[in-house]
Amino acid sequence: MKSAVVVFPGINRERDMMLALEAVTGQKPVAVWHTDTELPKVDLIVVPGGFSYGDYLRCGAIAARSPIMKDIQAKSLKGLKVLGVCNGFQIITEAGLLPGALVRNAHLHFVCREVKLEIENNSTFFTNRMKKGAVVSCPVAHGEGNYICDEETLNALEGEGRVVFRYTQGTNPNGAMNNIAGIVNEAGNVIGMMPHPENMIEPLHGKSDCRPLFESLLAA
Amino acid sequence: MKAKVKVTLKKGVLDPQGKAIEGALTHLGFGGVEHVRQGKYFEIDVAETDKAKALSEVKAMCEKLIANTVIENYDIELA
């Protein structure tokens, strides 16, 4: 399982993501700089968290128009697996790889804490080692994770089982519609999520609840 | 030409920043504040001198970057 992690100016979770990918898959991911125009040959591309371009204009908006994004868009249409975490979710959503938008947390506060996620769809490349309905702990750290979309999109996401991760009742940290924490595209090869599973994979993280998510990559 | 672009949140999109400003205005004693929505304003100088061409160029900029049309509307004024 070869992977690459895209690095934009202002991104700060790329190391955690690379360490998690290496720890579980046994292969060191390749770092790809945002001005590159072609991705290396990999099975998975991860857009990590952070604050690309200091959230100028809108979170993820500038990074979504970086040179490397053209190739990510083109290859995702051909089935390349893409995972966007936190700012990465915002970036791939701004780039149109996923529907909807991520806006300012409803209560205006930046949240940095642990939440509970329910695995709603366990047939994706990032959840196939989980049981449907399983609840895992996962940290969040964001100021703009409030997922919104129009009614038609929401009905499609819900009706087609494309809500992959949902905050359990009472743990929604940002006001996201229907407690949505992560979604998958129609084709099933692009996943975006606000929480940081890369920070909950070993005992030193406090818990290793999210390790099976990374193990899922090996089966996919 | 100079384009003045206003970007506003679509109706129904929650605007917690506007709400916070609304609260602060009320705290300052402005009793008549009923509702605040926060938006963005851009001034873009373009080399194009033909109004119609400039408008379509700025419109494309708005669609591609300046606004996220999932959540925002934009309004262009050319001067």
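Keep in mind that the model is predicted.

I'll start with the sheet. It is open and has nine strands, in the order β2-β1-β3-β4-β11-β10-β9-β6-β7 of chain A, and the pairing is mixed. At the edges sit β2 (30-33) and β7 (135-142) of chain A, each of which pairs on one side only. From one strand to the next, the twist averages 25 degrees.

Look at one end of that order. Strand β1 of chain A, residues 3-7, pairs with β2(A) in the parallel sense, over four bridges. Within this pair, Val5(A) stands opposite Ala31(A) in β2(A).

Next, a helix against the sheet. Helix α3 of chain A, residues 87-94, lies across β3 (44-47), β4 (81-85) and β11 (190-193) of chain A. Its direction is at about 125 degrees to β4(A).

Now the alanine. Ala219(A) is in helix α5 of chain A, residues 211-219. Is Ala219(A) buried or exposed? Ala219(A) counts as exposed, because it has 9 C-beta neighbours inside 10 Å, and the cut-off for exposed is 12 or fewer. Setting aside neighbours within four places in sequence, Ala219(A) is in contact with Asn128(A) and Arg129(A). From Val82(A), Ala219(A) is 137 residues away in sequence and 15 Å away in space, C-alpha to C-alpha.

Last, the two chains. Nine residues of chain B are in contact with 12 residues of chain A. On the chain B side, helix α1 (residues 16-27) gives the largest share, three residues. By class, that side has seven nonpolar, two polar and no charged residues.

Note on methods
Residues are numbered from 1 along each chain as its sequence is written. Chains are lettered from A and ligands numbered from 1 in the order in which they are written. This is a predicted model: local features need pLDDT of at least 70, side-chain atom pairs count only at pLDDT 80 or more; totals for chains, interfaces and linings use all residues. Helices (H or I, at least four residues) and strands (E, at least two) are DSSP runs, numbered from the N terminus. A residue is buried if 20 or more other C-beta atoms lie within 10 Å of its own, exposed if 12 or fewer, and partly exposed in between; C-beta atoms are placed from the backbone. Two residues are in contact if their C-beta atoms, placed from the backbone, lie within 7 Å. Ala, Val, Leu, Ile, Met, Phe, Trp, Tyr, Cys and Pro count as nonpolar, Asp, Glu, Lys and Arg as charged, and the others, Gly among them, as polar. Two strands pair if DSSP finds at least two bridges between them. Axes are lines fitted to C-alpha atoms, for helices over the stretch in contact, and angles run from 0 to 180 degrees between N-to-C directions.
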